[in-house]
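Have the chain open beside the text while reading.

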Amino acid sequence: MRLVFDSLTGNVRRFATALAREAGGLPVGSVRDAPPAPGEGFLLLTYTFGSGQVPDSTAAFLREHGAGLRGVVASGSYHWGENFGRAGDRIAAQFGVPLVARLNKGGTAADRAAVLAWLAGQGKESSAAWVSPVGAERTNEWIPGLN
């Protein structure tokens with residue numbers, strides 16, 4: 001499984017590279033780098049733009065390589081209310097893949113652990129059987145933390 005990220009501020013890039021390192025050296029690259037090989041599955045990590053939109057660069061990448069998409073991680077800010085990480089909801093619905101995690105800004109160690117658990121389950125079971133901890137019940141509750 002490859003990690004493909006799209007990052008505006010660097011938060012998603014830092015999360016993706018830390019995740020790749022913690023996963024034992026998964027291949028990781030930007031939507032602007034060489035694309036995944038045909039048939040190669042990838043986890044997309046992206047940000048939310050404007051009032052919940054998918055960034056144009058992410059949408060363009062998915063138009064060409066969406067067949068390999070296996071899951072999505074989206075970042076944003078708790079302060080955006082219902083639009084927090086909304087790009088992930090939109091991508092997950094459009095491509096029928098799980099929203100693996102929703103990150104507040106650069107994410108936390110707990111977010112990386114959740115995504116690592118999902119990655120570890122790939123190949124062992126169908127991603128359709130995996131239940132996203134963020135996709136099922138969405139609230140606008142803000143939980144203070146270190147972010």
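## Terms and model

A residue is called buried when its relative accessible area is under 20%, exposed when the value is over 50%, and partly exposed in between, using a 1.4 Å probe and protein chains only. The model is predicted, and local features need a pLDDT of at least 70, side-chain atom pairs count only at pLDDT 80 or more, and totals for chains, interfaces and linings use all residues. Residues are numbered from 1 along each chain as its sequence is written, and side-chain values use heavy atoms, with hydrogens and water left out.

Helices (H or I, at least four residues) and strands (E, at least two) are DSSP runs, numbered from the N terminus.

## Salt bridges

A salt bridge is a side-chain nitrogen of Lys or Arg within 4 Å of a carboxyl oxygen of Asp or Glu. The count by this rule is five salt bridges.

One of them joins the side chains of Arg32 and Asp6, at 3.0 Å from N to O. Arg32 sits in the loop between β2 (28–30) and β3 (42–47), and Asp6 in the loop between β1 (2–5) and α1, so the pair ties together parts that are 26 residues apart in sequence. Arg32 is exposed, with a relative accessible area of 54%, whereas Asp6 is buried at 0% relative accessibility.

Another salt bridge pairs Glu22 with Arg112, whose closest N and O atoms are 2.7 Å apart. Glu22 belongs to helix α1 and Arg112 to helix α4 (residues 109–121), so this pair ties together parts that are 90 residues apart in sequence. Glu22 is partly exposed at 41% relative accessibility, and Arg112 is buried at 19%.

Arg102 and Asp89 also meet through their side chains in a salt bridge, at 3.1 Å from N to O. This pair links distant parts of the chain, with Arg102 in strand β5 (residues 99–104) and Asp89 in helix α3 (residues 86–95), 13 residues apart. Arg102 is buried at 10% relative accessibility. Arg86, Asp89 and Arg102 are linked in a network of salt bridges.

Which residues of helix α2 (residues 56–65) are buried? They are Thr58, Phe61 and Leu62. Seen down the axis of α2, these residues fall within an arc of 100 degrees (taken from the directions from the helix axis to the C-beta atoms), so they line one face of the helix. On the other side of α2, Asp56, Arg63 and Glu64 are exposed. The cover over the buried residues of α2 includes β1, β3, β4 and α3, where contact means heavy atoms within 4.5 Å.

In α3, the buried residues are Ala87, Gly88, Ile91 and Ala92. Their arc around the axis is only 130 degrees, which puts them on the same side of α3. The face turned away from that buried side carries the exposed residues Ala93 and Gln94. The buried residues of α3 pack against β3, α2, β4 and β5. Just after α3, Gly96 takes a positive phi of about 65 degrees.

## The second largest pocket

Rolling a probe the size of a water molecule over the atoms shows where empty space is left. On a 1 Å grid over the protein atoms alone, where a 1.4 Å probe fits, a pocket is an open set of points with protein on both sides within 12 Å along at least five of seven lines, and lining residues have an atom within 4 Å of a point.

The lining of the second largest pocket includes Leu8, Tyr47, Trp80 and Lys105. Helix α1 (11–22) and strand β4 (69–76) each supply at least two residues of this lining.
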